[in-house]
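User: I would like to go through the labels attached to this model one by one, and to hear for each the value and the cut-off behind it.

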Amino acid sequence: MLSIIFSSLLSAILIIVYYWTNYVSSCDLSEKLTAFECGFDPLSKMRSPFSTRFFLLVVLFLIFDVEIALLFPVLSMFANGVTFFMTGTLMLFLFILLFGMFHEWNEGALDWFSN
């Protein structure tokens, strides 16, 4: 019985604190309701030119970032013991990753300083 009273009292106090701390003034509401598009003015012309080199660089970053994230579980498995199969698989994965990076470098996708 005491736990039910305590739970109800704690819930009521938390609800009151929530309503006190989440007051929204009317002057802030108009600014909060405007759209925010990554620093661009949402009311400007919609078809502004976008750098495809930047897009390609972002996609390459995401690909290599995901592949690096896949290395963390493999490296943590080395704490349990190193087997020849695990080492060979890791070396193959790193070789494919390195080959992909050199291929993109050769294609000029990683050449940031050229126009």
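User: Why is Trp-105 called exposed?

Analyst: Trp-105 has a relative accessibility of 54%, and the classes are buried under 20% relative accessible area, exposed over 50% and partly exposed in between, with a 1.4 Å probe and protein chains only; Trp-105 is therefore exposed. This is a predicted model, in which local features need a pLDDT of at least 70 and side-chain atom pairs count only at pLDDT 80 or more, whereas totals for chains, interfaces and linings use all residues. Residues are numbered from 1 along each chain as its sequence is written, and side-chain values use heavy atoms, with hydrogens and water left out.

User: How many aromatic pairs are there, and what makes two rings a pair?

Analyst: Rings of Phe, Tyr and Trp (its six-membered ring) pair if their centres lie within 6.5 Å, and planes under 30 degrees apart count as stacked, over 60 as edge-to-face and the rest as tilted. By this rule there are 3 aromatic pairs. Tyr-18, with a relative accessible area of 47%, is partly exposed, while Tyr-19, at 59%, is exposed. Another pair is formed by Phe-102 and Trp-105, with 6.0 Å from centre to centre and 20° between the planes, and this pair is therefore stacked.

User: How are Phe-102 and Trp-105 placed along the helix, and what class does Phe-102 fall in?

Analyst: Both belong to helix α4 (residues 84-107), where they are 3 residues apart, which means a separation of about one helical turn. Phe-102 has a relative accessibility of 42% and so counts as partly exposed.

User: What makes a stretch of chain a helix here, and how many are there?

Analyst: Helices are DSSP runs of H or I with at least four residues, strands are runs of E with at least two, and both are numbered from the N terminus. The protein has 4 helices and 0 strands, in the order α-α-α-α from the N terminus on.

User: How do you know which helix is predicted with the lowest confidence?

Analyst: The mean pLDDT, the predictor's confidence in each residue from 0 to 100, is lowest among the elements for helix α2 (residues 26-32), at 62, and highest for helix α1 (residues 2-21), at 90. For the protein the mean is 78, with 72% of residues at 70 or more.

User: Which residues does UniProt list as "transmembrane region", and how helical are residues 54-75 and 81-102 in the model?

Analyst: The unreviewed UniProt entry lists residues 6-24, 54-75 and 81-102; such annotations may be inferred rather than shown by experiment. Residues 54-75 are 100% helix and 0% strand, with end C-alpha atoms 32 Å apart, and residues 81-102 are 86% helix and 0% strand, with end C-alpha atoms 31 Å apart.

User: Why is Ala-109 called buried?

Analyst: Its relative accessible area is 11%, which is under the 20% limit, so Ala-109 is buried. Ala-109 is in the segment after α4, and its C-alpha lies 9.5 Å from that of Phe-54, 55 residues away in sequence. Buried residues make up 6% of the 115 residues in the protein.

User: What class does Met-101 fall in, and how far is Met-101 from Leu-60?

Analyst: Met-101, in helix α4, has a relative accessibility of 31% and therefore counts as partly exposed. The C-alpha atoms of Met-101 and Leu-60 are 9.1 Å apart, although 41 residues separate the two along the chain.
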